[in-house]
Amino acid sequence: MTENSDRTVVVTGGSRGIGRAICKAFAEPGTRIFFNYFSPADPEGEKAAAEETIALVRQNGAEAQGMWANVAVPAEVSQFFDQVMEATGRVDVLVNNAGILRDALMARMKEADWDAVLSVNLKGPFLCTQAAARIMAKQRSGRIVNMASVVGVIGNIGQANYVAAKAGLIGLTKTAAKEYASRGVTVNAVAPGFIDTDMTAGLPEKVRTAMLASIPLGRSGSPEDVAGVVRFLASDAAAYLTGQVLHVSGGMVM
Ligand code: NAP
């Protein structure tokens, strides 16, 4: 056990990719990890993915539960947090990680794709932060980490919806940091660059090569590269950090 092990950690979108690596990074004896996931397209596949995250977390001696809940739907978010509270009575860490892409050039972007990305990537973190911060304020302690993106700072062609949501998430991070600081809650953001997950797997080879050329460290990031920084932000070592955006991009953005 470490000084940070006896706690309840909530991760949105923990079934795959960066979210799964975050669940694993927090897994140690004494820690209770709750994550959600939501894939209307492939419920069985996602259930299997969630089971894999649970197995990995339990291997490291932590408790784990995965729940089906859409972060963009208020009733599902409150039900998710009610279940966490029923099981453990507290929320020490919230990682707003769940996110989706619906890329298109602005001239062709459909309103439905704008709405879907803003709902999951920005309204979702707002709803989860409200629910968690209410609990953390009563506890007088808590850590919230939001998964932004470097493109939320520098912009990106073909991603108006995603970029607007991530830029908004950085604004939300800073506002929540100011509003909850007096309650002992810190709120920070991580801005990953190019990380190898399902989200980036479909990129054309030309785009991938161009991206890699723009990374001073000369490689794409792994989900573990991001998870380690999230874990740091939720540790005692980061007690005096709030309202910050840490770029995890191999130097892509400085
Ligand atoms: P991923 O592999 O596509 O995983 C996304 C996760 O979010 C899945 O667990 C997914 O669950 C969950 N999710 C999606 N919609 C949800 C919803 N409405 N409610 C609850 N959960 C939902 O993506 P990733 O690459 O790990 O990305 C994780 C985060 O990092 C995202 O916020 C992304 O924007 C950000 N990011 C990624 C990169 C990168 O290069 N990969 C770079 C910068 C930022 P289901 O599978 O069940 O849908």
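Author: In this predicted model, Asn70 sits in the loop that joins strand S3 (63-68) to helix H3 (74-88).

Reader: Why does Asn70 count as buried?

Author: Buried means under 20% relative accessible area. Asn70 has 13% relative accessibility, and therefore counts as buried.

Reader: Which residues is Asn70 in contact with, leaving aside its neighbours within four places in sequence?

Author: With those neighbours set aside, Asn70 is in contact with Phe38, Glu76 and Val77. Contact here means heavy atoms within 4.5 Å.

Reader: How do you know that the span of helix H6 agrees with its number of residues?

Author: Helix H6 (residues 160-180) has 21 residues, which at 1.5 Å a residue should span 30 Å. The end C-alpha atoms are 30 Å apart, so the two values agree.

Reader: Which residues of H6 are buried, and what covers them?

Author: Among the buried residues of H6 are Tyr162, Lys166, Leu169 and Tyr180. The elements covering the buried residues of H6 include helix H4 (111-139), strand S5 (142-147) and strand S6 (185-192).

Reader: Which polar atoms of the protein lie within 3.5 Å of the ligand?

Author: Among them is a polar backbone atom of Ile18, 2.8 Å from an oxygen atom of the ligand. An N or O atom in the side chain of Lys166 is 2.9 Å from an oxygen atom of the ligand. A backbone N or O atom of Ala69 lies 3.5 Å from a nitrogen atom of the ligand. The protein covers 96% of the 890 Å² of accessible area that the ligand has on its own.

Reader: What makes up the shell around the ligand?

Author: The shell divides into 15 nonpolar, 13 polar and four charged residues. Of the 32 residues around the ligand, Arg16, Phe38, Glu46, Tyr162 and Thr197 come nearest. Helix H7 gives the most to this shell, with three residues.

How values were computed. Residues are numbered from 1 along each chain as its sequence is written. This is a predicted model: local features need pLDDT of at least 70, side-chain atom pairs count only at pLDDT 80 or more; totals for chains, interfaces and linings use all residues. Side-chain values use heavy atoms; hydrogens and water are left out. Helices (H or I, at least four residues) and strands (E, at least two) are DSSP runs, numbered from the N terminus. The expected span of a helix is 1.5 Å times one less than its number of residues. Buried means under 20% relative accessible area, exposed over 50%, partly exposed in between (1.4 Å probe, protein chains only). A residue is near a molecule or strand if one of its heavy atoms lies within 4 Å of it. A polar contact is a pair of N or O atoms within 3.5 Å; within protein, one must be able to donate a hydrogen and the other to accept it, and residues adjacent in sequence count only if both atoms are side-chain atoms. Accessible areas come from the Shrake-Rupley method with a 1.4 Å probe; for residues, only the protein chains shown count as cover. Ala, Val, Leu, Ile, Met, Phe, Trp, Tyr, Cys and Pro count as nonpolar, Asp, Glu, Lys and Arg as charged, and the others, Gly among them, as polar.
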